[in-house]
Amino acid sequence: MGHARTLSISLTGLDGTLVEVEADVSSGLPAFHLVGLPDSSTLQSRERVRAAAARSRFPLAARRITVNLSPAWIPKHGSGFDLAIAVAILAAQGALPAVPAERVLLGELGLDGLVRPVPGVMPALLAARRLGLTEAVVPEENLAEARLVEGVRVRGVRDLAHVLFELGADIALPAPRGPLLSTEASAASDTTDSAAEPLDFRDVIGQHQARRAAEVAAAGGHHLMLLGPPGTGKSMIAARIPGILPELSAEEALEVAAIRSVSGRFDAAQGLSRRPPFESPHHTATTAAVVGGGAGIAVPGAISRAHAGVLFLDEAPEFSARVLDALREPLESGDITLHRARGAARYPARFQLVLAANPCPCGQAFGKGEACTCSPLQRRRYRARISGPVQDRIDMRLTLGPVDIHRTGDVDAEPSADIAARVGAARQRQHERFAGRAWSLNAQLPGPLLRREFAPAPSQRSLLDHAVAQGRLTLRGHDRVLRLAWTLADLDGSDRPDAEHIGLALTLREGDRP
């Protein structure tokens with residue numbers, strides 16, 4: 001009897017911490033103590049480990065067993081420590097000749113000894129790689145996901161007995177078992193099918209201004225609000241924006257996959273997707289569902305799952321005011337920090353926000369509004385459901401009217417491939433202009449630098465300065481118009497925005513003022 005040590009990873013958001021699992025088996029009354037700030041699911045590993053070890057023909061000794069999860073001051077949560085705890089205890093009992101000191105062990109144990117899959121394997125291995133660890137043991141069901149992390153040699157295991165056998169235990173391997181009930185299949189059903197063909201702008205009839213606004217939004221990473229009566233194509237346009245965005249970089253794809261892994265929604269069978277994500281929560285969604293939350297350590301919400309992609313809020317005024325106002329911080333900073341009693345979790349949330357809204361509760365307040373049954377007060381209150389601070393963070397506001405099918409029905413709409421080519425060229429200009437900096441898109445350009453190094457000539461921005469002096473624009477709005485003007489210049493192939501670009505950007509920014 002003695003002491004042994006294994007390694008595992010504790011996740012707080014996407015940040016991983018190396019955890020040393022220390023096991024001490026000593027004489028005394030039989031007991032099993034687990035210390036190091038475990039939560040209830042981690043604390044229950046005592047029963048899972050005891051039963052799994054007995055099923056694997058290596059029962060725990062009738063001694064005093066103490067397991068410490070170090071550093072002990074960091075809260076631990078989840079069942080992913082089971083495998084590391086079991087191996088450490090059996091090594092301390094003398095059942096194993098040695099345990100590799102630099103191998104990470106991840107996995108939940110079933111009472112029958114099976115090693116079951118856990119969420120968050122990808123960010124855990126990314127953290128292990130940053131810490132210089134190059135070997136890991138994961139559940140067989142998580143192996144496809146784990147292999148997407150380069151630089152780490154990964155071994156997938158099916159049950160505890162096979163782990164003990166590979167570590168040198170004197171044990172006869174059990175007969176092969178049937179397939180596990182996979183959790184990944186159900187997780188994949190909650191996500192958009194990445195193998196499906198993206199929607200095409202060719203399907204959108206008319207609405208040339210809205211199509212142009214969507215192109216500008218995609219080119220510079222800007223936020224967009226579409227106003228108009230039902231049936232004018234607001235949802236169709238929003239759903240097609242991901243199809244004109246460039247593919248994700250390798251780093252972005254890993255980050256998006258890591259977020260989905262923590263959420264338990266990553267389908268490793270489809271590999272690492274380079275397609276920008278698209279999230280469209282229902283307007284009845286709670287704040288925790290959209291922003292992130294939950295008991296213990298908060299899990300990512302829709303805004304984080306939309307990272308590097310598009311977050312679409314259809315019928316935006318119908319969302320809770322708490323949900324809409326919670327978007328302020330991530331719209332500015334590009335991430336979200338969720339504080340809970342057991343710790344704070346930070347998730348990336350740099351998304352493009354697209355809002356769609358009717359002009360009034362009945363949706364008919366367009367033009368003269370003769371068919372509208374809402375009072376002027378009802379219309380104002382409906383529009384005011386999206387607060388001023390949130391609207392101030394929207395780069396473009398566009399009003400859509402009904403489509404004249406007789407004038408546009410026979411006109412071939414431009415396909416997404418042609419629009420994507422222009423978007424890609426504009427983004428390439430931005431990458432070259434911002435090479436070596438911490439950002440790569442016009443929408444991310446810091447305000448102080450925007451007003452100095454990237455400021456247009458005073459004679460060209462007189463219209464913009466006049467709008468600020470009149471109170472039509474805030475200083476935040478002033479900066480957003482300049483960023484928008486840079487994107488318009490990039491789409492036109494110009495080196496710098498001129499007065500025409502700034503005027504058009506101001507028009508797109510102001511839209512139809514309520």
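**Close-up views of a predicted model**

**Figure 1. Lining of the largest cavity.** Strand S5 (103-105) and helix H6 (160-166) each contribute at least two residues to the lining of the largest cavity. The model shown here and in the other views is predicted. The volume of this largest cavity is about 70 Å³, and the count of cavities of 30 Å³ or more is two. Its lining consists of Val-99, Pro-100, Arg-103, Leu-105, Val-137, Val-157, Val-163, Glu-166 and Leu-167. Sorted by class, seven of the lining residues are nonpolar and two are charged, with no polar residue.

**Figure 2. The open parallel sheet of five strands.** The strand order is S11-S14-S17-S10-S18, with parallel pairing. Strand S11 (278-279) and strand S18 (396-399) are the edge strands; each has a single partner strand, so one side of each lacks a neighbour in the sheet. Two bridges connect S11 with strand S14 (residues 310-313), again in the parallel sense. At this pairing, Phe-278 is placed opposite Val-310 of S14.

**Figure 3. Strand S3 and its pairing with strand S4.** Strand S3 (residues 31-35) has Phe-32 and Leu-34 on its covered face, while Ala-31, His-33 and Val-35 make up the uncovered one. Such a pattern can be read from the general rule that side chains in a regular strand alternate between the two faces of the sheet. S3 runs parallel to strand S4 (residues 64-70), and five bridges join the two. Ala-31 has Arg-64 as its bridge partner in S4.

**Figure 4. Arg-340 in strand S15.** Arg-340 belongs to strand S15 (residues 335-340). The relative accessible area of Arg-340 is 32%, which places the residue in the partly exposed class. Ala-357 lies 17 residues away from Arg-340 along the chain, and the C-alpha atoms of the two are separated by 33 Å.

**Figure 5. Aromatic residues around Phe-434.** The structure contains four aromatic pairs. One of them, Phe-434 with Phe-454, is edge-to-face, with 5.6 Å centre to centre and 70° between the planes. The two residues are 20 residues apart and the pair links distant parts of the chain: Phe-434 sits in the loop between helix H18 (416-433) and helix H19 (447-452), and Phe-454 in the loop between H19 and helix H20 (462-469). Phe-434 is buried, at 2% relative accessibility, and Phe-454 is buried as well, at 5%. Arg-433 lies over the face of Phe-434, 4.9 Å from the ring centre.

Methods:
Residues are numbered from 1 along each chain as its sequence is written. This is a predicted model: local features need pLDDT of at least 70, side-chain atom pairs count only at pLDDT 80 or more; totals for chains, interfaces and linings use all residues. Side-chain values use heavy atoms; hydrogens and water are left out. On a 1 Å grid over the protein atoms alone, a cavity is a set of points where a 1.4 Å probe fits but cannot get out, and a pocket is an open set with protein on both sides within 12 Å along at least five of seven lines; lining residues have an atom within 4 Å of a point. Grid points are joined across faces, edges and corners, and a volume is the space filled by probe spheres set on the points. Helices (H or I, at least four residues) and strands (E, at least two) are DSSP runs, numbered from the N terminus. Ala, Val, Leu, Ile, Met, Phe, Trp, Tyr, Cys and Pro count as nonpolar, Asp, Glu, Lys and Arg as charged, and the others, Gly among them, as polar. Two strands pair if DSSP finds at least two bridges between them. Buried means under 20% relative accessible area, exposed over 50%, partly exposed in between (1.4 Å probe, protein chains only). Rings of Phe, Tyr and Trp (its six-membered ring) pair if their centres lie within 6.5 Å; planes under 30 degrees apart count as stacked, over 60 as edge-to-face and the rest as tilted. A charge sits over a ring if NZ of Lys or CZ of Arg is within 6 Å of the ring centre and within 35 degrees of the ring normal.
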